[in-house]
Amino acid sequence: MKTLFSKCAALIITLFLVSALAFFAFALIPADPATTMLGSEATPEAVAALRAQLGLDRPLPVRYFEWLTGFLRGDLGESYLYRMEVGQMLSGKLAVSALLTMLSFLLTVALSIPLGVLAGSVRNRYFDAAAVGLNQLVMSVPPFFLGILACYGLGIVLKWFTPGAYVSPEKDFWGCVRYLIFPALSIAIPRSAMAVKLLRSAIRDQLGQDYVRTARSRGASETSILLRQVLRNALLPVITFLAVSLAEIMTMSILIEQVFSIPGVGQLLLSSVSNRDYPVVLAIVMLLAAWIVTIHFLADLLTRLADPRVRLG
Amino acid sequence: MKKKRNPMLLFGGAISLLTVGAALLGAFWTPYNPTAVSAAEKFCPPSLVHLLGTDNFGRDVFSRVLQGMGASLLIAACVVAIGCLLGAAIGCLCGYFGGPADFLLTRLCDVVTAFPSVLLALVVVSLAGRGTVQIVLALGVLFIPSFARLVRGEAARCRDASYIQSARLMGVSHGRILLAHILPNLKGVLVPAIVIGFNNAILSEASMSFLGLGVQPPFPSLGSMLSDSQTYLQLAPWYAFSAGAAIALLILGFSLLGEGLQRRRRA
């Protein structure tokens, strides 16, 4: 209970520090948003007026405090370029990215655990060498290249889907899911290769332990040892890895959204980076950072729950 | 004693040698000028004249891949050099001296390593602008914490070793202990970490170039080639395959090499 409390405190402090770092980094860049918005021919008076209107003439700590309290209340700021609430710009895109992330995550879990158990339990030299080699090869393919391969092989040659023909979830939810399966697979396949590698070596480790020998000598079947005892212990490191994957998948989806032209958070982030629309970049980065920090926090808690040794230590 | 076979080290070394050799070749000689535009030879499929075909400007894809691999390797080398040198220095000092600065820096490193490098690089690029130098500096700085963390642990372990204690008692200065006694002990953890860092740097650079935020055209870069080739996927699939396969081959070679080195260390 005491550790839970201090962990929560650490989470809040980390979030606070990250927000301060992000805000001051974006506030200290030399480019003045008022000049950018009005163009270089604007009169100094007009620039000063706009600065006052945007609140840029006040001291930084005050602006930070206002931004933070606004952020906590759900006011994410206003885009310089479109003069629009960031929250409004994000509303539809967040759902799409969340859907893609969830699909990728579910596919990663569904692929990695059975394949990992298979790779860990089959005791055949040739099978093992082939599995390790293939696994290493799949791990090396960047998800965005796998996405392009999927567009070509499954999209253009086999015509299972039309690359670029994205359907929005409001119009046709299942159509959207059907389209998102392919980008999700491109993210999930290399990711699960890493999980398979972890699970394989964890199972190998456990199979060499004394309790497995004891169980065998008592006459327990290999399958029941594997599924009832070995897997429970071997899954511990994999659970942490999979939980942390939720954070990695989010960034991978920035790249994958480009490949499959999915109008998600990643596309908005990239176009805002190109347009130097700082409030939008800041808001998205802050949301992603909060997501990542929270995921790591939850992964840590999960490990503690699953492993009594860590809980005590 | 029979030496344990280490196929990962073998294959990784072979693939890495091949890619580095190809990149070195590309730095001095390419079959065609990689930036020469030829309207008559647009989208030639792979043949004996153009080994990997030509792209939308009629440029030879093979020559561009060779040079792109060189660019990737060079950028990755600079990134890892920055990350490793600064990271090792910070980690060494923190681990050896300890104290409140060590505590703060370790916490900071923990936070930074939690963030995927592509996301952080995106932030840096949006602040500093796009370009090769920005990418190298951004990724280099982002690679510092992982090296610092690794070296810190190792240095802290060395600090309590008896030979360091006796060196201190003999009156050897801190600087000499760090350089002559602790630094050589770091080699074992640093070599695999450098290879793995190299790998991550190649992937991060390719990702950033793929997003159009890394190496700028007309210089060949595997990531930007891959993103260009996407438009012509139906017309010239070999363009995308060549660029993507080159990235995958670079990563495969260095990941196997890193893994093999780690295994050898443990064995």
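A residue is called buried if 20 or more other C-beta atoms lie within 10 Å of its own, exposed if 12 or fewer do, and partly exposed in between, with the C-beta atoms placed from the backbone. Lys159(A) is exposed, because it has 8 other C-beta atoms within 10 Å. Keep in mind that this is a predicted model, where local features need pLDDT of at least 70, side-chain atom pairs count only at pLDDT 80 or more, and totals for chains, interfaces and linings use all residues. Residues are numbered from 1 along each chain as its sequence is written, while chains are lettered from A and ligands numbered from 1 in the order in which they are written.

**How confident is the prediction?**

- The model scores ipTM 0.86 and pTM 0.87.
- pLDDT is the predictor's confidence in each residue, from 0 to 100, and for chain B it averages 86, with 99% of the residues at 70 or more.
- Within chain B, helix H2 (residues 61-97) comes out highest, at a mean of 91, and helix H4 (residues 117-128) lowest, at 82.
- Where pLDDT is low, the predicted coordinates should not be read in detail.

**Chain B at a glance**

- Chain B has nine helices and zero strands; helices (H or I, at least four residues) and strands (E, at least two) are DSSP runs, numbered from the N terminus.
- The C-alpha trace of chain B spans about 75 × 55 × 30 Å along its principal axes.
- Of the 267 residues in chain B, 49% are buried.
- Two residues are in contact if their C-beta atoms, placed from the backbone, lie within 7 Å. Looking at contacts in chain B with a separation of 6 or more, 72% join residues 24 or more positions apart.

- Start with Ile144(B), which sits in helix H5 (residues 132-159) of chain B. Ile144(B) counts as buried because 22 other C-beta atoms lie within 10 Å.
- Leaving out residues up to four places away in sequence, Ile144(B) touches Gly83(B), Leu86(B), Gly87(B) and Ile90(B).
- Ile144(B) and Ala81(B) are 63 residues apart along the chain, yet their C-alpha atoms are separated by 9.7 Å.
- After H6(B) comes Gly171(B), with a positive phi near 90 degrees.

**Helix pairs in chain A**

- Two packed helices are described by the angle between their axes and the distance between the axes. Axes here are lines fitted to C-alpha atoms, for helices over the stretch in contact, and angles run from 0 to 180 degrees between N-to-C directions.
- Helix H7 (residues 143-157) and helix H10 (residues 222-259) of chain A cross at roughly 30 degrees, and their axes come within 9 Å. That makes H7(A) roughly parallel to H10(A) (angles under 35 degrees count as roughly parallel, over 145 as roughly antiparallel, 65 to 115 as roughly perpendicular and the rest as oblique).
- On the H7(A) side, Pro143(A), Phe144(A), Gly147(A), Ile148(A) and Cys151(A) make the contact, and they meet Met252(A), Leu255(A), Ile256(A) and Val259(A) of H10(A).
- The contact of H7(A) with H10(A) has eight nonpolar, one polar and no charged residues. Ala, Val, Leu, Ile, Met, Phe, Trp, Tyr, Cys and Pro count as nonpolar, Asp, Glu, Lys and Arg as charged, and the others, Gly among them, as polar.
- H10(A) also packs with helix H9 (residues 210-217) of chain A, at an angle of about 145 degrees and with the axes 11 Å apart.
- Tyr211(A), Val212(A), Ala215(A) and Arg216(A) of H9(A) touch Ile225(A), Gln229(A) and Val230(A) of H10(A). Five of these residues are nonpolar, one is polar and one is charged.

**Positive phi in chain A**

- Most residues other than glycine have a negative phi, and most peptide bonds are trans.
- Lys159(A) has a positive phi, near 60 degrees, and belongs to the loop between H7 and helix H8 (173-207) of chain A.
- Ser261(A) also has a positive phi, near 40 degrees, and lies in the loop between H10 and H11 of chain A. Ser261(A) is partly exposed, with 13 other C-beta atoms within 10 Å.

**Where the chains meet**

- Chain A puts 31 residues into the contact and chain B puts in 29 residues.
- H12(A) gives the most to the side of chain A that touches chain B, with seven residues.
- That side of chain A has 24 nonpolar, six polar and one charged residues.
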